[in-house]
Amino acid sequence: MREVRVLVVGDLMLDHYIWGSCDRISPEAPVQVVKIKNETKRLGGAGNVVLNLLSLGTKVGVISVVGADEVGEEIIEILEKFGAKVEFIKRESSRISSIKSRVMATHQQVVRIDKESAEDIDCEDEVIAKFKENLKNYDVVLLSDYGKGVLTPRICNELINLANLAGISVLADPKGKNYSKYKNATLITPNKKEASEAVGFAIDSDESLEKAIKKLKDELNLKYSVITISEEGIALLKDDKAVKFPALAKEVFDVTGAGDTVLATLGYMLGLNDDIQKAIETANLAAAVVVAKVGSATASFEEINELVRRRTSVGFENKIKSLDELKEVLVNRGKKRLVFTNGCFDILHKGHAKYLAKAREFGDILVVGLNSDRSVRELKGESRPINSEDDRAFILAALGVVDYVVIFDELTPINLISALKPDILVKGADYEGKEVVGSNIVSDVRLVEFVEGKSTTNLVNRIQNANR
């Protein structure tokens, strides 16, 4: 895939998370007392758009204005650390760099504290001049407007005109009620609430959605008219009709920054010269990846492809991973509950299928540890397995309820469980009253009843008897 170069202009900010736990109410006032365990910081606003683009493998340049303070310095350091090219970031002594501090107790946001300047910047000429100087080095321009004063009406108008003159697509994530400053952009990405405020009427039906999306296109002279419609996906004006591209998210933990992901993905795909429909479909996939994570997040193409594979079973053999590959994939699982089970799964039958389907219901990701041929022989004798480990892994991976298969060579899966640290361990009901290997590592152990009369041993016996 060819490299896409994207220039991001907009409001940079720092997302500050204070993580803790809470088990009591303050005697001073009816508020929670949060015991802080750790703090994390990451880029927000236009910075999150930059991180999403970098995650997609894009070359990214940044133009913005921050305050001459520690937060501004930290924002620039993080941009450079992640590989973005700082084309121009003016540090104005009169401004306060934006920082949003969120107190999180047991993964729930308790309060958010904002510190920022939202007045228009004083250096419009410098921003426009730097944009004009660097535009020739980029394929796409993204304007990430959080209403913090960088994207003034004059800057938006001039940047859009310069990009149009250069034949470069310019996409904007809009803010406020007056969208005239985005006139002549390639597209803008308002959500339903924002679009309602901009067009002056509620979007509460398919008819009002179509009316709004037409109004935005006509009044702003957009190449593509788009409105993001939350859990319904993204609407596009096509052939004078509002066509909905359905959202794909089934696991929604946090929608923070999903709009940034949509803007970044649309920009990236249009930069590849893909058509708008494919760009929207990919943006929906990327959004589905990030809303399954906590806080502002990014989606890589590996994660997007993994989601597609899980939904369609296309390329299901890619579900078969080594332990190292699996650890790398699962490191970004966020709050998804990881379920682990293991076995020989020789001659897959109805009992296996029902057992695995039940295990999958206990969480969000099911990993199956599969005994290697050598370990099966040691456990069950030289005549087993009937099917090789490659065949058994392939058939397991073809099941929609199975997310990953990993082969292990030991007699027990303790090394896998220790490395993956699943939330839930599943075994057959014959383990009732017995010690389950790895039970001291997980938070929950579930035992699943077998289907009566269904077992590989029974199948082997029937086949042998039939041939006598």
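Start by selecting strand β2, residues 12-25, and its neighbour β3: twelve bridges join the two, and they run antiparallel. For a landmark in this pair, click on M13, which stands opposite G44 in β3. Keep in mind as you go that this is a predicted model.

Now bring in the helices lying on this sheet. Helix α2, residues 70-81, packs there and touches β2, β3 and β6 (98-105). Its direction makes about 105° with that of β2. Helix α1 packs on the sheet too, touching β2 and β3, with its direction at about 70° to that of β3.

Zoom out to see the whole sheet. Four strands make it up, in the order β3-β2-β6-β7, as an open sheet with mixed pairing. Its edges are β3 (32-45) and β7 (108-115), each pairing on one side only. From one strand to the next, the twist averages 20°.

Next stop: another sheet. Select β5, β4, β1, β8, β9 and β10, in that order, and you have an open sheet of six strands with parallel pairing. Which way do β4 and β5 run relative to each other, parallel or antiparallel? They are parallel, joined by seven bridges, and you can pick out S64 with its bridge partner I89 in β5. Helix α1 (residues 46-55) turns up again here: it packs on this sheet, touching β1 (5-10), β4 and β8 (140-144), and its direction makes about 170° with that of β1.

The structure holds one cavity of 30 Å³ or more, and the largest cavity has about 80 Å³ of space in it. To show its lining, select D11, L12, V65, V66, G67, R95, I96, S97, S98, S117, K148 and V150. Which strand gives the most to that lining? Strand β4 (residues 59-67) does, with three residues. By class, the lining has five nonpolar, four polar and three charged residues.

Move along to N221, in the loop between α6 (206-220) and β11 (226-228). Check its backbone: phi is near 55°, a positive value in a residue other than glycine.

Then select helices α7 (residues 258-271) and α8 (residues 276-290). Their axes come within 8 Å and cross at roughly 145°, in a right-handed crossing. For the contact, show A258, T261, V262, T265, L266, M269 and L270 on the α7 side, against I276, K278, A279, I280, T282, A283, A286, A287 and V290 on the α8 side. Sorted by class, this contact has twelve nonpolar, three polar and one charged residues.

On to the second largest pocket, with a volume of about 810 Å³. Centre your view on N342, G343, C344, K380 and K427, which lie nearest its centre among the 29 lining residues. At least two lining residues come from each of β14 (338-343), α11 (350-361), α12, β17 (424-428) and α15 (456-466). The largest share, three residues, is from α11. The lining divides into eleven nonpolar, eleven polar and seven charged residues.

Last stop: P385, in the loop between α12 (373-380) and α13 (389-397). Show the backbone here, where a cis peptide bond joins R384 and P385, with omega about 5°.

Methods:
Residues are numbered from 1 along each chain as its sequence is written. This is a predicted model: local features need pLDDT of at least 70, side-chain atom pairs count only at pLDDT 80 or more; totals for chains, interfaces and linings use all residues. Side-chain values use heavy atoms; hydrogens and water are left out. Axes are lines fitted to C-alpha atoms, for helices over the stretch in contact, and angles run from 0 to 180 degrees between N-to-C directions. A crossing is left-handed if the near helix is turned anticlockwise from the far one by less than a right angle, and right-handed if clockwise. Contact means heavy atoms within 4.5 Å. Ala, Val, Leu, Ile, Met, Phe, Trp, Tyr, Cys and Pro count as nonpolar, Asp, Glu, Lys and Arg as charged, and the others, Gly among them, as polar. On a 1 Å grid over the protein atoms alone, a cavity is a set of points where a 1.4 Å probe fits but cannot get out, and a pocket is an open set with protein on both sides within 12 Å along at least five of seven lines; lining residues have an atom within 4 Å of a point. Grid points are joined across faces, edges and corners, and a volume is the space filled by probe spheres set on the points. Two strands pair if DSSP finds at least two bridges between them.
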